[in-house]
Amino acid sequence: MAEGQTKLVGPDLVQGIALSDLPDGGKLVGHCGDEQVLLVRRGTKVFATAATCTHYGGPLVEGLVVGDTIRCPWHHACFDLRTGEALHAPAFNPLACWSVEQRDDRIFVGEKRKWTAPKPRDGSAGQIPGKIVIVGGGAAGFAAAETLRREHYNGIIVMISDDQAPPFDRPNLSKDYLAGKAPEDWIPLRGEKFYSQNNIDIRLNTKAVHIDLHSREVVLADQGRIPYDRLLLATGAEPVRLTIPGADQPHVHTLRSFADCKAIIERATTARRAIVLGASFIGLEVAAALRSRGIDVHVVAPDKRPMERILGPQMGDFIRALHEENGVVFHLEDTANDIDGSKVKLSSGGTVASDFVVAGIGVRPRIGLAERAGLSLDRGVVVNAFLETSASGVFAAGDIARWPDPHSGENIRVEHWVVAERQGRTAALNMLGHREKFAAVPFFWSQHYDVPINYVGHAEQWDEIAVDGDIAARDCLLRFKREGRTLAVASIFRDIESLEAEVEMEHQMAT
């Protein structure tokens, strides 16, 4: 990440560069004063923006220019080159922009422009709601609240969350923060002042227990009632809990909340051995993070290969080998039967000793509120293309929402952070009456030691995996196909091609 970087690279853009040094479609990094600046040329137009993504500091010079936008190579955030506005999550903060002047076939970068918020968009249909209630303080809920204020919505926003922490960067909990490589102040999505400054009434440690569709009220556990004109359900998912003997002991953890992560870190400060139950993305990211802390890690899972269901057998074998290279011991096609103090008994008859256990055996959508309200369900909350549920004025986004995916042609539900954020944004626009269909291509990333895996699209089933490159050499792109059509793409260190695959899928949906 770019924090702490002091050495400036590239030419002094205040002194100017030759126009010929920046061909049409080209990108170049230089500096203005003590700041790195990216130049992008589109025909006769030259844009100057900050050189790194506002999400995790990805190098935008290695990203993809699409029209007058640029996409980050790391996690597919997208920015408007003209204004710097963050258009697609996971970025929310805009890029700084500079004025550009062309004189005598040279390009000169001038003053940094003052940020101006985008104008309200046109096309709202119907009456603007006076009060919007958001149930859930995760990715989708935060994105919705942020978007409402960015869109100049002046009504009342109430965010109800049963978490004790304000919205935080959940992916980091199983990656850099758990590994001890990210400071705690990176974890909140916004500082506490953001909510008061934007007049967002965020109510933590507050549980919603019922939705009264007739009176249009959210009923709280303390019997309080909050009326709404529009309602967004963004209740997310919860970990599947172990039911084996000993699972209720204090050294047995799950990882979902900020508090969960802190508890694991505290345990890891004095522990030498850990068992991770489950070879999912969360489970193996936890294993990698704990190995970076020098803890001996055993992974127990019923799968034949890690992540085979999502990434296929070849990538599964690679991921297993990668973790074994880093000292992880696998017990595959096996499960835990009993946790007896520091010993975990396996169904195979073996026993593994550990100081603590992290269970990453999956999550389930929190659909209880929707079910009690009588909303249409199908292994999640059914929504239409505008993310509206079967009840008028009630929307759903994030891990609970099953929506009509225009790319696969199927109704899908995914538990991806970026999808939740992008759905929160779309739901906010539609609560304001804009009637914007959710058509974003699903995307997620996973990090294992120094190996990132990017995944674009959605493939629950496939009949072919076309591999380009060398998986073992950590230079590959896999296309998951069904009947000749690419449904998803997974890649390692093929960032531009991953972005190009995303754009290609977007264009397929548009035609």
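How many residues does helix H9 have, and how far does H9 reach from its first C-alpha to its last? The legends below start there.

**View 1. Helix H9, residues 417-431.** H9 has 15 residues and reaches 21 Å from its first C-alpha to its last, close to the 21 Å expected at 1.5 Å a residue; that expected span is 1.5 Å times one less than the number of residues. Helices here are DSSP runs of H or I with at least four residues, strands are runs of E with at least two, and both are numbered from the N terminus. 15 of the 15 residues of H9 are buried, so H9 is largely enclosed by the rest of the structure. Buried means under 20% relative accessible area, exposed means over 50%, and partly exposed is in between (1.4 Å probe, protein chains only). Just after H9 comes Gly433, with a positive phi of about 90 degrees.

This is a predicted model: local features need pLDDT of at least 70, side-chain atom pairs count only at pLDDT 80 or more, and totals for chains, interfaces and linings use all residues. Residues are numbered from 1 along each chain as its sequence is written, and side-chain values use heavy atoms, with hydrogens and water left out.

**View 2. Glu146 in helix H1.** H1 covers residues 139-150, and Glu146 is part of it. With a relative accessible area of 8%, Glu146 is buried. Skip its neighbours within four places in sequence, and Glu146 is in contact (heavy atoms within 4.5 Å) with Phe92, Arg190 and Phe194.

**View 3. Arg364 in strand S27.** S27 runs over residues 363-365. Arg364 counts as partly exposed, at 41% relative accessibility. Not counting residues up to four places away in sequence, Arg364 touches Ala237, Glu238, Pro239, Val240 and Arg241. Glu502 is another matter: C-alpha to C-alpha, Arg364 and Glu502 are 27 Å apart in space, and 138 residues apart in sequence.

**View 4. Zooming out to the protein chain, with 10 helices and 36 strands.** The C-alpha atoms fill a box of roughly 80 × 60 × 50 Å along the principal axes. For 511 residues, a compact globule would have a radius of gyration near 24 Å, and the chain's 24 Å agrees; the radius is taken over C-alpha atoms, and the globule rule is 2.2 Å times the number of residues to the power 0.38. Of the 511 residues, 55% count as buried. Take contacts between residues at least 6 apart in sequence, and 58% of them join residues at least 24 apart.
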